[in-house]
Amino acid sequence: MSSYICDMKPIESISVFDMLKIGVGPSSSHTLGPWRAGLQFIKLLNTKRALAKTTHIKVELYGSLSLTGRGHATDTAIMMGLLGTDPVTFPVEQIQTEIDTIGQQKSLLLNGIHPLAFDPSTDIIFHREFLTFHPNGLRFTALLANGSDLSQTYYSIGGGFVVTSERKRGKRKIEALGHFPYPIAKGTELLAYCQETGLPISGVVMANELSLRSAQDIKDGINEIWRVMLDSMYTGCHTSGTLPGGLNVTRRAYETHKNLIGSKPYNDPVSWIQSIRQTEVKFRQILKWVTCFALAVNEVNASLGRVVTAPTNGSAGVIPAVMMYYMVIENHDANLEDVHRFMLVASEIGSLFKKGSTISAALGGCQAEIGVSSAMAAGALTELMGGTPEQVLMAAEIAMEHHLGLTCDPIGGLVQIPCIERNAMGAIKAINACEMALDGDPKSAKVPFDKVIATMWETAQDMTTKYKETSEGGLAIQVNMSDC
Ligand code: SF4
């Protein structure tokens, strides 16, 4: 595995809106990434003036994308991409209708305009073998009217990020973001900037972000991210029934929420926050509320709903649950400014893991998803709770330290078991890590933040492939679909 992608890790500069993206469940690497790859291929066809001349398209999936692709709706995502639809705005309730239509008519409208024969059962090919650059590879090939073809391979490298084998996008990005006032590759550099400027971590990240877009655009963008996070918690808490996919997993946030909220009145997500603040919360209720928020998001994710990739879809529940914990339990005066600071810090911590290790479960197992999201949330909460920048990174380190080696073994290739519960565990660990860091002295910490990132990467390389989003090990083989 060591030849995979690790040589492209350094110097990448990443925006908050790269780390936190609005998308569609159930997986950032297996759904959002392939969807975006489909859109990129359409763009390529347009650039080469080949779209109208395309007579046939074939899509080949490799490695982890192939092994867990059906459970992760990779085929659905590819078709939605080829239709030219936007994963941020396309109504999620219409996705199945689009896919059914393609299956019945055995054709699709490429980019919504060009009719093309397309049979999902034969034109999407699942290969068991892995491509060498990254375990999540997919190749699009378009046959053109003049008999020639156009082909492009993409790699879905986690968190919805997509690169080509030529790494053109990666190079462009580095050039474009070379003017970040505070380029950061390591935690020590981030702390040095905080010391030099007197800014908290959120301030340094904001300064970098301001080199890309206006303060208003940043605020509006984060507000929209929070709106989707809040909506996904609200939807999950108010939807009962069974999740799709065949495991017959019961949606649990609904019952837990019903018991917790009691008869407190509300009629939308904002008044809901006020009502939750009025409920009695002792330790058990706090555990249940945080669990409920995390389960809710990941039940929405598992049913192909709209969530925010943070840093992945499988781990999308951790950050909203911890932000909501701060809002409804810890600080009843919390407002959107707190949300902005929280998301800025969380995204920077996530980007440090992406640069120094990975946020792809196909490369690093679940430590790369739930572990990273827990570290992001722990650090962000610590800043809101008044921790120093050193304590912020200490909290992130503690959260990751206790996720090291966590395997990815989703039953049936679905992002349901163990994924949904695991978000609750990641959120609770984040809160615990925050409290330990707030009571701790970073000067006497034995494990520096950057060392835990390096350890995570080393652990990822030592982990066997069957525990990296292949559903060929662990729970995925111990528990049969018929047991569920
Ligand atoms: S086990 Fe973890 S990494 Fe694997 S799909 Fe589930 S949430 Fe993602």
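These are my notebook entries on a predicted model, taken in the order in which I looked things up.

**Entry 1, domains.** I began with the domain assignment of the chain, which gives domain 1 as 27–169 and domain 2 as 172–483. Taken over C-alpha atoms, the centres of domain 1 and domain 2 are separated by 28 Å. I then looked up the contact between them and found that 23 residues from domain 1 and 28 residues from domain 2 take part. On the side of domain 1 that touches domain 2, the elements giving two or more residues are α2 (28–47), α3 (63–67), β7 and α7 (168–176). Of these, α2 gives the most, with four residues. I also noted the classes on that side of domain 1, which come to seven nonpolar, 13 polar and three charged residues.

Strand β7, residues 149–158, pairs with strand β8, residues 161–164, in the antiparallel sense, and the pairing runs over four bridges. Within it I found Y155 opposite V163 in β8. The two strands form a hairpin with two residues between them, and G159 in the turn has a positive phi of about 65°.

**Entry 3, the ligand shell.** Which residues come nearest to the ligand? Of the 13 residues around the ligand, I recorded G314, A361, C366, C408 and C419 as the nearest. By class, the shell around the ligand is made up of eight nonpolar, two polar and three charged residues.

I went on to helix α19, which covers residues 419–438. Its 20 residues reach 29 Å from the first C-alpha to the last, close to the 28 Å expected at 1.5 Å a residue. Is α19 mostly covered or mostly exposed? I found it mostly covered, with 14 of its 20 residues buried.

My last entry concerns E472, which is found in the loop between α20 (449–462) and α21 (475–478). I asked why E472 counts as partly exposed. It does so because 17 other C-beta atoms lie within 10 Å, whereas a buried residue needs 20 or more and an exposed one has 12 or fewer. Leaving out residues up to four places away in sequence, E472 touches L67, K466 and I477.

How values were computed. Residues numbered from 1 in each chain as written. Predicted model: local features only at pLDDT ≥ 70, side-chain atom pairs only at ≥ 80, totals over all residues. Expected span 1.5 Å × (residues − 1). Near = placed C-beta within 6 Å. Nonpolar A, V, L, I, M, F, W, Y, C, P; charged D, E, K, R; others polar. Pairing = 2+ DSSP bridges. Domains from an automatic or database assignment. Contact = placed C-beta atoms within 7 Å.
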